[in-house]
Structure formats: C-alpha cells, structure tokens
Amino acid sequence: MPPLKPFRVNKQTGPKDKNKGPRQQSKSSSSKNNRDDDDFFLDSGGPSNMNDKQKSRSSHPPHLKGRDIGLWHARKQASMREDEEMLDMARPKVKPPSHLRGRELDMWHKEQNRLWQKTKKKEQQKELGKCFIKLRIEEINRMEMQFQQLEEEMPIPDENIKPIPCVVSNSKLNTKDYSNHNYRALNLLTLKDEDVDENAEYIIDRYKKLEDSNFKRKFLDNITGSMEENLVASIQSNMKLQNDESRNACLKNELENKRKSVKYRSMCEIRKKLPSYSKKDEILELVRKNQVVLISGETGCGKTTQMAQFILDDAIMSGRGSTCRIVCTQPRRISAISVAERVADERAERIGEASVGYQIRLERKLGREYGSILFCTTGILLQHIQRDSALNYYSHIIIDEIHERDTISDFTLTILKSIIPVRPDIKVILMSATLNAAAFSKYYNDCPSLNIPGFTYPVEELYLEDIFTLNRFRYFPKKQTQKSRKIKPGDPFSEFVIPYVNEMRRFKKYPLGILNWLENPISEDTDYELIVELIYYICNNKDDGAILVFLSGWDQISKLTKILKDKGFGNTSRYILIPLHSMLPTVSQKSVFESPPQGVRKIILSTNIAETSVTIDDVVYVIDNGRMKLKGFDAENNIGTLNEEWVSLANSRQRRGRAGRVRPGICYHLYTKGRERSFNDYVLPEMMRTSLEEVILQAKILQVGMVTPFLEKVMNPPETKTLEVALKLLIDLNALDEKENLTPLGFHLAKLPIGPLEGKMIILGAMFSCLSPIMTIAASLNFKDPFVMPANKEYQCREVKKEMDEGHQSDHLMVTRAMSKFLLAKQEGKGWEFCRENFLMFNTMNMLHELKSQYAKYLCDLGFIKTPIYTDSEYNQNSNNVKLLKCVLAAGLCPNIAVSNPKIKTNGRKFSKFITAEDGKVEIHPKSVNSIDSYYESPLLLYHTKLKTTSIFLHDTTMIYPFPVVLFAKSLKITGEKTDHVTFSLNPQINFTCNSRTAVFIKQVRKRLNWLIDHLMSHPEEISFNSNSGSGKALK
C-alpha cells in the first residue's frame, strides 16, 4: 500500500527559507527530495501558537492613553498576584520535621518552596508545549479503494470464530489433581488458584482465533502454566542423571591414569599451593552434609577453579561419577571461557573433549553429559531452567561472584530457592568475596558457610599524594587557568578530603604545593597525562611485569589507547596494548591471558571486569582510577541515569589484589586516602538502581506468575514505583497484556539478548524487509554510539555528521549510512582511514557488525528469517525506504516523543525548545546531529533514551512525521468521533486532528496493521515480501 500523504496546508514551526543562512539554504534545497512527503500544519487555533499569547502579556489595548495605560498594567499585575496566591493555596501543606530549629528550619522552607516552584514551572512548560497537528490525506478516494480491495482479498478473521482444538500441555486448562501431592505447598509465586483459572480462560478466549501451530502450543503452554507445575512435571519425568556402574568404573580408571601423567602431577603441585586446597576435605564434608553452602574467600584463594574439581574428583573416586554433573556460573562471558580453559589445563585435557566445557551466548564447547563441569554465564543457566525447571541433568549448581549483585544473579538466586525443595538431591554452592557474605547466608535460611583465607603477595599501596612524591617521577599538573569547581553542601570532598589534607598539613608529611593542589576538586578529575607519565615511570624504573589500568568505560579506554599510541607505546617490539571490555569479541579478550615475549611490557586497559571475573597471572602493577560507570533509574520521573561514581571499598580491595598474584606488586590509587574514607562498603545492588523491563520478561518466560509478589522475594527487592514504570512500558510496547500475561511479541522479546525496545525494532525490521539497517540501529542503541567528538574538533565532527545525515535529521539513520560506508571502505582495506576521517571508532564499528550477526542467529532460531545471513536481499527489499525505516523506529520507540516548541528571537534567529509530557523542558544531547538544528518540518522528535545529568538530555533522536505515530502507536485516545472534528491523542502534549472521513480511514488502517503484526508474531514462518503470498500483499 502506498504511504498516506496529507496536504501541505501551512506551517507554524518556523519562518520561511529566506531566514536561513546561505549554507542552510543550500543544504535545505539539496535534501528536500530526501524528506518524507508527509505534510501537516499546527492548528493555529490550538495552544501551540504562543506568539499572540506572549504578545498579549506585555501589550495593552491600543485605544488606551496616558494614565489609563498605567491603571491597566496595575490591574493586570494585581490579577497575576491573585492567580499566584490561588496557586500557592493549591500547594500541598507539608509539615517540617519537628527537630528543625532556627536556620535549619528556614533552609527547609526555602527548599520546599524551591521544589514547589520547580513543579509549577514544569507544569507551565507542559501546558505551553501542547500541540495540535492537523492531518489530511491526499487522494483519499484512491486509497480507500485500494484498502477496500485488500480487505476483500484478505479479510481479517472473525474474532468470534469457533476455536480450533489445541492441546495445551502443562496448563491450568488440563485439570490436574495435586491434592495429595506435597509439592502443592510450593505455590508461593502465583495468584490464587481461582484467579489462575480465570486468567487461563481469558487467555484462551483472547487467542481462540489463532490457528493451531507449533508456536501456539509453546506460547499457550508458557502463559497458562506456572513454575511450580513445571517443577512437578519435571520431577515426575524420567529426565535425570542415571547411575551407570560401567561409566563409574571407566571414569575412575581414567582419573587414576591421568594422575600418573607428568603434566597432571605438575599442575597438582601448583594447585596444592592455593589456600583452597588446604580446605579441600572440609569443603567436601560441608557439601555432603548440607544442600546449600556458602564459600567465601579473598582474591587468589582458588575457589573459582578448584571448587568444582574437588566435587567432581570426589564423586568419581567414590564410584558416583556418572551421577555427578556440575554447572558453574560466571557473571561475564570472558570469565566463563578463561576459567574453563584454566580448569581444563589443570586436568591435562583439551576443553570440550572430556570433563570440562563452557557455554556462552552463541558460543559453546561442551564436555560429556556426565562426570563433567560446565562453566557458563548466569543467563545460560536461566535458559536451562526454561527447558528443565528442576535442572534434573545437574547434580551441583555453583553460583560464583554473587557479591557483585548484578540483576541476573540476584534473580537466579531467587529462582533456585524455588527449585531446592523439589530437588532434595541437588547441591547449591554459593561463592562470594568475604565482604557481606553473611547476608547471603541469611537469605538462604542461615546456610552454613566456610571462609577460605586469600593468598596474595604483599602489595604496596600508593595514593595520589604519594605518587607526586615518588623519586624520579617528574610529573605535576600544570597550573590550572580555570576556576576551582564549586563544592556543594554535603559533598564528600569537603567532609573527607579537605580535613585529610589539613591533617597532612599539620604533620608536614607532604610538600605544601602538593597539598594546595589536592585541596582543589579538579585534582580528582581523570588526568590522562598523569596516567601516561605513571606508565612511563613504571616501564623505566620498575622490574618486568604487566600493568593493569582500571578505567570507568569504553570511552576512556579508547581515548587512553590513542594517547599511548601517539606517545610511542604503539611500538609492538616493546609494548603490547590490550583493551579489555565485556562487549569486546571473545577472540580479542583471550589475548589478555597470553604472556608477552621477553622484554615486551604488557599494558592492559580495563573496566571493572578485571576486578574479579578475570585473573591475569602476570599483573604486577595496578593503576586504579577509583571510578566506575553505574547505571541508575529515577522511577519518579522515569529517567535513566549513567554516572561515573566512586568505587566501593570492596571494589578497591579487589583492584589492589590483582597486583599480588605472582609476586609482590604495587597498586597506584589515583585518589587520596581522604577520598577513600568516603567510599561505601559495597555498591548498591543493580536491581535497586536500574529499570526492570528485561528482568520482568525473564520472570514471565520462567512462568513465575505475577511479577510483584515474586520480586518481593528477591534479596533486596526493587522499589514498587520502579516496577510499576517497567510494567507500564511493557504494556505500552504490547509485550504484556493488561492482565500481565506475555503477548506473542513479549514471548519473542524474552528470548532475544537485547532490550525490549530494540528487540521489537529488529523483529519489525524482519517483517517489513528492512532488516540490515534496523539491526545496525538496534546494535548501536544496545551497545554504544560509534561516533567520537575529539576536543577542539567539535565543528568538523558536526559537519561530518550533517553530511552523513543527508537532511533526514536522524541519529538512527545516520548510523546506518556510516555502517554501509564503513563496510565498503573495509572491503577496500581502508577501514581505519575511513573511521579516522569520519570521527568513528574502528573497534566499535566492528563490534556493531558482530552484534548484527548475533541478532540474526537469534531471529533465525525464532523463525523470523530462514537463514542467519541478514544481508540477504529477501530481508532487505525496503532497506533504502526512509519512510518505512522511520515507521519501524516509531513502532519500536513510541511513545518516546518530544514536542518542538519553535521560537523566533527579535533578530530573526530561530531556535527550538523541546518538551515531553513527563518532564517539561528537555534538551537534545550535544552529540546528536539534531542538537544544532533550529528548524524542523515536523514538531515531533523521537528519542531512544533520556538521561539526567546536568539537564535532562534526549539521546539518539529522529525527527518524525505524524503519520508513523498515528498508525504505529499502540494506543491513542480518540475524542469527537460523532463530529467532523476528530482528535487522536498520544498524550496530553501530542494531539492529531482530522475530519471524520480521514479518522475512519486511519482507524481502519490501524486495525489492519495491528492485526497483521499480531498475526506475523504468531506465524513468523509466513513473513514474506513475495507478492504471491497473503502476508506479502498486506505488507506491501
């Protein structure tokens, strides 16, 4: 079907092109043909036309003269004061805390007044930002005829059709008698039985029109079942490890022969030196007598590599090898692989060929199915639980690094608490750093614990004040020309750092110049020159040994890598520079474990991934910047945050421990000892500070029932408001229905390794045959923006972005063009040069390309594409259709839309203010291609995320026309249907008006689109742009 095309009637979003500069005129004209044909105008009768209102505030009626003018203004000011008094009466009365007195009470009242004024201002901004966009469809007669023809050829099935019989196993629809079964006591996670039965009837009624298929059986089985039913069914099945005497004897004989080999015996001598080895008998006794145990230990004690081996070898030598199969989870992919390789080496075997294997996303080398150890990421274990709720094929579950408190690990710990009662034979071993280990023991009903003392060589700790006084270290920060950063009340710098500096001044321990510098808050900023000079110092004055530099993110790693190469550290005959980041390909990550040639210094630039998940044996020197990037979420304002935070004491201790693995080492902290006194003991659990959409989808696919009761059982439950915001987003996205059941879309999204917004986009990209560019956009949004903006080159970078944007005013489409040009340049061997000329990161572009391949494999498994070759022409027939790409973006990101409120200054200069329904005034992030634009043909700006830092910034934006929103938004409020002035409202800010005939046609098209997308979600095998197929005709 051709796109809807309204008439161009008028525009109120800015002056004509004559007000543009020469450069803007040329670009505007050159890009005119590239823009969509969707035209509209802002209704001048609506609240969006603010010029008249602003004028009326300051100008008096023209007939007034002299004294009358003054009286008019006096009456107006009195009226405004009355209005303010009425608003003040509406302000909620909050009583101050009873303990406040004097100045503190005054400060409290001032703060309350400030917050109230801020709220009022936000509401005023929202009111001013309302827009009414008038829609009109050109050639509506022809389009109505085409639509009618489609309706006749492919009618939407009647919703009252008699349901096709479909056997749904393991669901509430099949009456099961558990009354005499003690497992029924496990029903802790779901609704009451009568509510579940009612929900099952609702589901079947909702999906009765769905044709019988393999997908329908899997889908209904999932959303009508419950985890406790799955556990019962799993226990009653024959799936379990079978005791086989011949296998037992074979495994025992194999291990005895292995113990005679030289390699195995030499590795045993190394293992015996680990502190955990001396606790071997104690550990095994504890595991035999208890179902759940907690093992804590410091870095270097050997718990990660030895625990599973102790258990496996004991079972084999006791004649129980065939019934022992261990899974050990790691929080990151690189640690799962590196630990598996180390254990295989210690057992004198090749990984994946005998007793040791690993499995991560889209990569695996599995050992045998009995008498073996599998190292995997925590997400892989959840996939195993999806297939086998009781984990019948495993005898021991080891959850490592639980102290990191990432969301997926906390979630898994809660799931395991449900499995333990029905599997009395399974053993669960929790492994944690010493800090806060008691809290995990308490969570598992005071399970017994054992602490293994860590062994590391002595590590000398030097703080920032010590580094500046090192012998032969000649670097000191240049005199700062800018003013010192202002210290806010309650800032830890004034509470901890300044008192510490004053203390050192009294003891005269450090030179006065150093102490004066440390009193300046700027001294705590990341100083790349200091890091470079420190690396120089180590290389020229210290013995051999790898240098591990901790940085807070990929941006800092990339920047420091470039600086070091410019300073001569790119000379591979003397130095090896290795970036280490969780999103790097596993092949690149493995190089960090390889020993360099004699006389070559290995320098590793890493995030906090190297704190616990990765052990690099040859590290002797650690440079700790003391920071890490933490995601946060403000549930009240529905705003994500990504801030650089100071590490916790636990992080600091782990970083220091990296330096003492093989011999005495040195840790250089790039902060003062006073700053360390302000550190928290440990980081707030991730589940308490991030959005929960992905967690909810995982919970739903595991059939835990209603999410709120389940997450209340987590060790540190998230806030109720955060949970409500996440549920609303998933319902708006159509991933959950109003009764909190998974929809077909949600069922697919739960199986994709990507956020729900990006996941919906790539599924729609497959449906509408524009897969490759949409996957580029999704990979960029899920990982990071590949563009960099070097200092002093901001103008050149913006010009490059403008050129790649080609007038579409879209960060998303700009990335797709950058990727296309990059791949062409790479084929010609000019990838590096292209990235350097266009301010792109070469490694990031390669990573995005790799992610696209991963997504394609998942889409292939789900049936949306037939082969994982996403560049196939069958999946990209519309990849150059900008209008369709923006429609897919709208379907994925809606209702993330801001409204442009255009202004014109007295000098004729144009600028735009942006407003969202939730936040009032917002700003476009300076990295966006739209940050410097002042004129938009449409007032609607689609965005991926909004993050609050110094202001509320919109990230990854696209100017979008009204019809993609009207057609693809999940829900629109419709008013005035019985009149000839119909309004579709996305939210209080964004309203679309049209006549009744246009409204009827829009509703018909929306119904057809919703049906088509829902149908293809449930029948992915029917996706085709072949004109001979029914779906192909409808899609076109």
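## Packing of α20 and α21

Which residues in α20 meet which residues in α21? In this predicted model, Y528, I531, V532, I535, Y536 and C539 of α20 meet Q556, K559, L560, I563, L564, K567 and F569 of α21. Sorted by class, the contact of α20 with α21 comprises ten nonpolar, one polar and two charged residues.

Helix α20 spans residues 528-541 and helix α21 spans residues 554-569; the two pack at an angle of about 50°, and their axes lie 10 Å apart. Because of that angle, α20 is oblique to α21. The crossing of α20 and α21 is right-handed.

S523 is placed in the loop between α19 (512-518) and α20. With a relative accessible area of 10%, S523 is buried, since buried means under 20%.

Apart from neighbours within four places in sequence, S523 is in contact with L464, W517 and L518. S523 and T672 are 149 residues apart along the chain, and 9.7 Å separates their C-alpha atoms.

## Cysteines

How many disulfides does the structure hold? The structure holds zero disulfides. C376 is accordingly in no disulfide, and the nearest cysteine sulfur, that of C328, is 7.9 Å away. The cut-off for a disulfide is a pair of cysteine sulfur atoms within 2.5 Å.

Two cysteines may be described by their accessibility. C376 counts as buried because its relative accessibility is 0%. C994 also counts as buried, with a relative accessibility of 5%. A further cysteine, C539 in α20, is among the residues that meet α21.

How values were computed:
Residues numbered from 1 in each chain as written. Predicted model: local features only at pLDDT ≥ 70, side-chain atom pairs only at ≥ 80, totals over all residues. Heavy atoms only, no water. Buried < 20%, exposed > 50% of the residue type's maximum accessible area, 1.4 Å probe, protein only. Axes fitted to C-alpha atoms, helices over the stretch in contact; angles between N-to-C directions. Helix = DSSP H or I, 4+ residues; strand = E, 2+ residues; numbered from the N terminus. Parallel < 35°, antiparallel > 145°, perpendicular 65-115°, else oblique. Left-handed = near helix turned anticlockwise from the far one by under 90°. Contact = heavy atoms within 4.5 Å. Nonpolar A, V, L, I, M, F, W, Y, C, P; charged D, E, K, R; others polar.
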